[in-house]
Amino acid sequence: MIHKRTVLSWGLALALLPALPPAASAGGAVIPGTLGTMEVQVDSLKTLRFRSVVPQQYDFSCGSAALATLLTYHYGRPTPETATFDGMYRTGDQALIQTQGFSMLDMKRYLEGEVGLSSDGFRLGLNDLEELGVPAITMIETEGYRHFVVIKGIHENQVLVGDPALGVQSYTLREFEEVQVNNILFIIRDELDRAQASFNVGKTWQAVTRAPLESGLARQSIANLMLHLPRAGEW
């Protein structure tokens with residue numbers, strides 16, 4: 001599985017109101033008005049899109065960045081990419097990693113050995129994941145490259161994705177199904193309450209849209225689903 005990806009460079013993408021005076025400080029802008037001036041906080045589009053995504057540092061490190069994103073922003077374990085990268089590289093097939101990048105098996109070994117969380121890959125549809133209501137790592141293919149991303153939310157016809165190369169992105173269900181590879185979702189089995197609370201977070205959707213959710217949906221009827229999914233070797 002080749003999932004190298006050329007890291008894209010970013011330019012400034014947020015256009016402020018025209019003719020703002022140069023008094024704006026870093027991260028802020030002063031807007032004049034008839035009753036005085038008002039200082040507001042502003043962020044670049046890049047800042048917004050990487051606010052909940054760990055960016056990848058190397059062409060073949062989308063797997064380590066995706067796993068660091070999952071741990072940092074969905075499981076309350078702040079984790080730099082260097083930690084997941086070094087851990088998976090140390091215990092994995094280094095020659096294979098250098099040519100093909102990390103695999104879900106590398107992720108599983110790292111989580112079990114270094115973090116103490118159980119995980120597995122499941123062949124599930126996006127509707128199943130929406131009902132389950134937890135984040136997942138999956139692989140997509142764009143422009144001939146295979147690339148790991150984190151599904152951070154699903155709402156109506158939209159899929160919210162944390163892309164280690166591009167930041168937070170949104171796809172329609174159909175668009176995402178067209179680029180997703182083999183419908184395999186890598187899911188952490190433990191700490192379901194924490195995982196569900198971090199799925200479909202309104203602040204994360206704000207990077208791509210003005211309208212999503214302020215909190216996750218109630219999913220009491222499926223709270224124990226992960227306990228009954230077959231583990232590796234039980235298929």
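For my notes, helices (H or I, at least four residues) and strands (E, at least two) are DSSP runs, numbered from the N terminus. This is a predicted model, in which local features need pLDDT of at least 70 and side-chain atom pairs count only at pLDDT 80 or more, while totals for chains, interfaces and linings use all residues. Residues are numbered from 1 along each chain as its sequence is written, and side-chain values use heavy atoms, with hydrogens and water left out.

**Positive phi.** I looked up Glu143 in the loop between strand E4 (136–142) and strand E5 (145–155). Glu143 is not a glycine, yet its phi is positive, about 50°. Glu143 is exposed, at 78% relative accessible area; buried means under 20%, exposed over 50%, and partly exposed in between (1.4 Å probe, protein chains only). I then found Glu191, with a positive phi near 55°, in the loop between strand E8 (184–188) and helix H8 (192–197). Glu191 is partly exposed at 30%.

**Core.** Which residues have the most contacts inside the largest nonpolar core? I noted Leu67, Ile137, Ile151, Phe176 and Ile187, in a core of 45 residues. Such a core is a set of buried Ala, Val, Leu, Ile, Met, Phe, Trp, Tyr and Cys residues joined through side-chain atoms within 4.5 Å. A second, separate core has six residues, among them Phe50 and Trp205.

**Helix H5.** I checked its buried residues and listed Met104, Asp106, Met107, Lys108, Tyr110 and Leu111. Gly116 follows H5 and has a positive phi, near 80°.
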